[in-house]
Amino acid sequence: CVLLYPSLSFSFSLFLCVSLVIMAGTVLLAYYFEYTDTFPVHVQGFFCYDKSFSKPYPGPDETSKVPPVLVYSLVTAVPTITILAGELMAFFMKSEGTQEKTIVTADCCYFNPLLRRIIRFLGVYSFGLFTTTIFANAGQVVTGNQTPHFLSACRPNYTALGCQSNLQYITERRACTGNPLIVASARKSFPSKDAALSVYSAVYTVMYVTLVFRTKGTRLTKPTLSLTLLCLAMLVGVVRVAEYRNHWADVLAGYFTGGAIAVFLVTCVINNFQQTKPPPLPLRPQRPESVLGMPMVALPCVESPLEKLSGPQVRGGGG
Ligand SMILES: *[C@@H]1O[C@H](CO)[C@@H](O)[C@H](O)[C@H]1NC(C)=O
């Protein structure tokens, strides 16, 4: 694999290679969870006539007010457009701090800094998107928690199961008489994948916008955009609960999963790209009101990126 790119330096080819292998593995795993039954869902029992699982069946996910197609399109399009717009704006307005020196990866090749930044932000974003999918799918398959409409989809024959009271617990694996596909999907509830994906996407975009947009005149745009995105992401979870597709706990766990992955990727992974650069200037002591309590993301300007970000702009947005 390294030999494929003889014109690039060894360590850079190795880095590219490892990234590609990890990325391919992640995508493959996400595919197996999503479209195959390689990992069968855990079959949980249920209480007869359990009220928390007896909500009416709302129809397949496609008939939802927020269908998966819409969620997936927004989750792909919004961050991509935001990052492209942000990077192009920063590049052409030559705002300080977002300029990186062109690195020489080989004798011949200069890697365009604009392209490199875009690939870095989008690459880490899509890696996180697949990771979130895997986390959500793995959680659903391992726990096998049922959706609120589970009993309507399962349609157990209570006479045949001998249900007398609602204290009786049914572990019979063939208790369900409903459509097996619908029953299988009604067993996948915790955590909510749609909630996780939309919150991941929103938090990543918001952190990108908050930390990287540094152009003057964005003082009001940044908080407006951020709050709008977060509200839309929350709304996805609310609709899931309102349509009896998930319990609140599933949605909250989804929010947490997505949010945690986004925060981790932005603060730890994107930040680490700095280490391949010449030794940075000594960092300033962290200030209590700093945005993340961490040094800046992916900004080569080590001078005082936090100074400008968490100072007047945050206050200007709040007021
Ligand atoms: C439920 O089970 C009972 C007893 O096995 C059977 O007589 C009845 O027809 C079943 N009902 C349905 C709707 O399948």
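A residue counts as buried under 20% relative accessible area, as exposed over 50%, and as partly exposed in between, with a 1.4 Å probe and protein chains only. The model is predicted: local features need pLDDT of at least 70 and side-chain atom pairs pLDDT 80 or more, while totals for chains, interfaces and linings use all residues. Residues are numbered from 1 along each chain as its sequence is written, and side-chain values use heavy atoms, without hydrogens and water.

**Overall fold**
- The protein chain holds 10 helices and four strands, which are DSSP runs (helices H or I, at least four residues; strands E, at least two) numbered from the N terminus.
- Their order along the sequence is α-β-α-β-β-α-α-α-β-α-α-α-α-α.

**Helix α2**
- Among the buried residues of α2 are Val71, Val75, Pro79 and Ile83.
- Their cover includes α3 (113-143), α7 (193-212) and α8 (221-242).

**Second largest pocket**
- The second largest pocket has a volume of about 980 Å³.
- Of its 34 lining residues, Glu34, Asp61, Ser185, Lys188 and Lys193 lie nearest its centre; lining residues have an atom within 4 Å of a point of the pocket, which is an open set on a 1 Å grid with protein on both sides within 12 Å along at least five of seven lines, for a 1.4 Å probe.
- Helix α6 gives the most to this lining, with five residues.

Key:
Contact means heavy atoms within 4.5 Å. Grid points are joined across faces, edges and corners, and a volume is the space filled by probe spheres set on the points.
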